[in-house]
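I am opening a notebook on a structure that is new to me. I will look up its make-up, its confidence, and then some side chains.

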Amino acid sequence: MYIMVCNTTYPDKVVTDTNVLINIGHMHKFCSADRLHTDSSLFLALQWILLIISFVLISFGYGLYKPNIAPFGADQIRDAGPDQLQRFYLGFYFFTNVGSMAGISVGFMQTEKMTADIFFWSYVVLFSL
């Protein structure tokens with residue numbers, strides 16, 4: 001239902017609904033954390049079920065959110081002209097790539113040789129972007 005509506009009529013509603021779906025997934029993930037440290041097999045099975053449900057909700061939410069955020073931003077500056085629209089898309093995809101590069105570099109820095117300096121500077125790099 002959302003896929004047919006997402007880019008044409010109500011992109012702001014889809015963005016809002018998918019944010020709710022993502023947040024529900026994150027709440028399920030939080031609830032599946034092992035805070036009681038029990039050995040009950042029923043409790044462990046419930047934790048696994050909640051974790052799988054959270055991953056499914058988060059993946060569906062991001063799968064609907066990511067394709068709609070660029071057209072949603074472009075709709076807000078459509079009347080400004082094609083040059084502004086091109087600048088918006090250039091900036092949007094530039095910062096998307098910078099964010100993915102920062103995540104990859106932080107992961108690389110933390111897995112190669114974990115010292116206190118590398119740990120500190122990896123987070124400085126991540127949060128300075």
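My entries below go from the whole model to single residues.

**Entry 1: ground rules.** I noted that this is a predicted model, in which local features need pLDDT of at least 70 and side-chain atom pairs count only at pLDDT 80 or more, while totals for chains, interfaces and linings use all residues. Residues are numbered from 1 along each chain as its sequence is written, and side-chain values use heavy atoms, with hydrogens and water left out.

**Entry 2: confidence.** I looked up pLDDT, the predictor's confidence in each residue, from 0 to 100. Its mean over the protein is 76, and 72% of the residues reach 70 or more. A contact here means heavy atoms within 4.5 Å.

**Entry 3: overall make-up.** How many helices and strands does the protein have? I found five helices and zero strands, in the order α-α-α-α-α along the sequence. Of the 129 residues, 19% count as buried. I use buried for under 20% relative accessible area, exposed for over 50%, and partly exposed for anything in between (1.4 Å probe, protein chains only). The accessible surface comes to about 9600 Å², and 69% of that belongs to carbon and sulfur atoms. These areas come from the Shrake-Rupley method with a 1.4 Å probe, and for residues only the protein chains shown count as cover. Taking contacts between residues at least 6 apart in sequence, I read that 53% join residues at least 24 apart.

**Entry 4: T18.** I picked T18, in helix α2 (residues 11-31). Is T18 buried or exposed? At 2% relative accessibility, T18 is buried. Setting aside neighbours within four places in sequence, T18 touches G61, L64 and Y65. T18 and Y65 are 47 residues apart in sequence, but their C-alpha atoms are 5.8 Å apart in space.

**Entry 5: aromatic pairs.** I counted six aromatic pairs in the structure. Such a pair is described by the distance of the ring centres and the angle of the planes. Rings of Phe, Tyr and Trp (its six-membered ring) pair if their centres lie within 6.5 Å; planes under 30 degrees apart are stacked, over 60 edge-to-face, and the rest tilted.

Why is the pair of Y62 and Y65 edge-to-face? Their planes stand at 80°, so the pair gets that label, with the centres 6.5 Å apart. Y62 and Y65 are three residues apart in helix α3 (residues 41-76), about one helical turn. Y62 is partly exposed, at 38% relative accessibility.

The rings of Y89 and Y93 are at 10° to each other, so this pair is stacked, and their centres are 6.2 Å apart. Y89 and Y93 lie four residues apart in helix α4 (residues 82-112), about one turn of the helix. Y89 is partly exposed at 28%, and Y93 is partly exposed at 42%.

**Entry 6: F88 and its surroundings.** Ring pairs link F88, Y89, F92 and Y93 into a cluster. F88 lies in helix α4 and is partly exposed, with a relative accessible area of 23%. Leaving out neighbours within four places in sequence, F88 contacts A70, G73, A74 and I77. I77 is eleven residues from F88 along the chain, and their C-alpha atoms are separated by 8.4 Å.

**Entry 7: salt bridge.** Side chains of opposite charge can pair when their charged atoms come close. The rule I used asks for a side-chain nitrogen of Lys or Arg within 4 Å of a carboxyl oxygen of Asp or Glu. The count comes to one salt bridge. D75 and R78 form a salt bridge, at 2.4 Å from N to O. D75 is partly exposed at 33% relative accessibility, whereas R78 is exposed at 56%.

Definitions and conventions. Helices (H or I, at least four residues) and strands (E, at least two) are DSSP runs, numbered from the N terminus.
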